[in-house]
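Let's go through this one by asking and answering. Have a look at the picture first, then we'll talk about pockets and salt bridges.

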Amino acid sequence: MPVPLESELPGIAKLCAEAQAKLKKIESEAEEKIAAIREKAKQDACKWEDQFSECSEQLEAYALKHQKAKFSKVRSMKLGSVTFGFRLGTPKVVKTTRDTWAVVTGKLKEHFPDFVRTKEEPNKDAIIEAREDAELMAKLSMLGVQVDQEDSVFIDVAEEVLR
């Protein structure tokens with residue numbers, strides 16, 4: 001694409017503002033239509049959500065009441081297109097005392113160090129903060145690290161023009 005002449009820039013900027021205004025209008029109208037569709041769908045779905053919730057609560061109550069009698073060997077029951085029952089959840093580690101996780105970590109570190117994770121990584125925030133120190137940056141560069149900051153072009157269209 002050829003670079004425009006300076007005399008052409010006002011016309012290009014005007015076209016840019018017009019295009020942005022039209023885009024904003026189209027997006028705004030689309031959002032309004034989408035919001036209206038979502039609202040109607042939400043109203044239509046409300047009845048079915050309530051029915052599903054009520055039926056689910058009844059099936060759950062049945063399963064809990066008859067857990068040992070009906071679900072000890074076979075963990076689920078199929079009725080038509082609905083299957084319900086019990087499913088073993090994902091294992092998770094929980095505290096059994098009132099200790100904080102920091103205290104638990106300390107105890108694990110002392111007695112079972114293999115159960116304590118240590119993560120080492122560069123402190124990028126500290127490196128960025130030290131970017132003005134040329135001597136330090138030269139040393140970091142020898143280690144294969146440098147702070148990079150890109151300069152990019154931006155185009156802002158004033159909101160008043162869009163209305």
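Author: A quick definition to start: helices (H or I, at least four residues) and strands (E, at least two) are DSSP runs, numbered from the N terminus. This is a predicted model, where local features need pLDDT of at least 70 and side-chain atom pairs count only at pLDDT 80 or more, while totals for chains, interfaces and linings use all residues. Residues are numbered from 1 along each chain as its sequence is written, and side-chain values use heavy atoms, with hydrogens and water left out.

Reader: Which helix gives the largest share of the lining of the second largest pocket?

Author: A pocket is an open set of points on a 1 Å grid over the protein atoms alone, where a 1.4 Å probe fits, with protein on both sides within 12 Å along at least five of seven lines; lining residues have an atom within 4 Å of a point. Here the lining is made of Gln 51, Phe 52, Cys 55, Ser 56, Leu 59 and Val 82. Five of these residues, the largest share, come from helix H1 (residues 9-65).

Reader: How many charged residues are in the lining of the second largest pocket?

Author: Asp, Glu, Lys and Arg count as charged, Ala, Val, Leu, Ile, Met, Phe, Trp, Tyr, Cys and Pro as nonpolar, and the others, Gly among them, as polar. This lining has four nonpolar residues and two polar ones, and the count of charged residues is: none.

Reader: And what is the volume of the largest pocket?

Author: A volume is the space filled by probe spheres set on the grid points, which are joined across faces, edges and corners. For the largest pocket that comes to about 240 Å³.

Reader: Which residues are closest to the centre of the largest pocket?

Author: Its lining splits into seven nonpolar, three polar and four charged residues. Out of the 14 lining residues, the closest to the centre are Val 93, Lys 95, Trp 101, Val 104 and Leu 108.

Reader: How far apart along helix H1 are Lys 40 and Asp 44?

Author: Their side chains meet in a salt bridge (3.1 Å, N to O), meaning a side-chain nitrogen of Lys or Arg within 4 Å of a carboxyl oxygen of Asp or Glu. Because they sit four residues apart in helix H1, the separation is about one helical turn.

Reader: Is Lys 119 buried or exposed?

Author: Buried means under 20% relative accessible area, exposed over 50%, and partly exposed in between (1.4 Å probe, protein chains only). Lys 119 forms a salt bridge with Glu 121, with the closest N and O atoms 3.6 Å apart. At 68% relative accessibility, Lys 119 counts as exposed.
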